[in-house]
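This report describes the strands, helices and cores of one protein model. Look at the sequence and the structure first.

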Amino acid sequence: MIAAGGRPLSHNGQRYPLPKGAATRACGCYTQYLDIVANAPIVTIRHAGPDDLPRVVAIYNASIPGRLATADTSPVTVAERQGWFRAFDPARRPLWVHCDAGDVPMAWLSLRSFSGRPAYAATVEVGVYTAPEALRQGRGAALLAHAIEA
């Protein structure tokens, strides 16, 4: 199929649905014929592994001076967080990381039990932390959306 200006819409004559999102919206300054100007970036959200703990702790510690996300007043160590990390269960109480293209965690989201009382079994405390260099990139929102869909 050929669009105005002789540009193909697909390589085999089929029309494919166009991806949605800010990274794929066309800008009129580039072309009036194409609906897509870029592919959406590949984003990795995965369960945190033991090798991620130092980065998870570093992201957490970076939030302490601002006192907006935690009431801790001094940094925690990786050793202090070992038990906390082992308490996460990918099936019920996960710890997810949102990684950059090099698979380095740039943000994380945790679901922890709110209370040990039976009536609160389905209630969780949600923690979302983003590395300072990754703020305002939609990583926290992506993690929250992932948690809601899971």
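Two strands count as paired if DSSP finds at least two bridges between them. Helices (H or I, at least four residues) and strands (E, at least two) are DSSP runs, numbered from the N terminus. The model is predicted: local features need pLDDT of at least 70, side-chain atom pairs count only at pLDDT 80 or more, and totals for chains, interfaces and linings use all residues. Residues are numbered from 1 along each chain as its sequence is written, and side-chain values use heavy atoms, without hydrogens and water.

Strand S3 (residues 105–113) runs antiparallel to S4, and 7 bridges join them. One of the pairs is Leu 111 with Val 126 in S4.

Contact here means heavy atoms within 4.5 Å. Axes are lines fitted to C-alpha atoms, for helices over the stretch in contact, and angles run from 0 to 180 degrees between N-to-C directions.

| Helix | Strands touched | Angle |
|---|---|---|
| H1 (residues 53–63) | S2 (95–99), S3 and S4 | about 90° with S3 |
| H3 (residues 139–149) | S1, S2, S3 and S4 | about 140° with S2 |

A nonpolar core is a set of buried Ala, Val, Leu, Ile, Met, Phe, Trp, Tyr and Cys residues joined through side-chain atoms within 4.5 Å; buried means under 20% relative accessible area (1.4 Å probe, protein chains only). The largest core has 19 residues, and Tyr 60 and Trp 108 are among those touching the most other members. H1 gives the largest share of this core, 5 residues.

Definitions and conventions:
Buried < 20%, exposed > 50% of the residue type's maximum accessible area, 1.4 Å probe, protein only.
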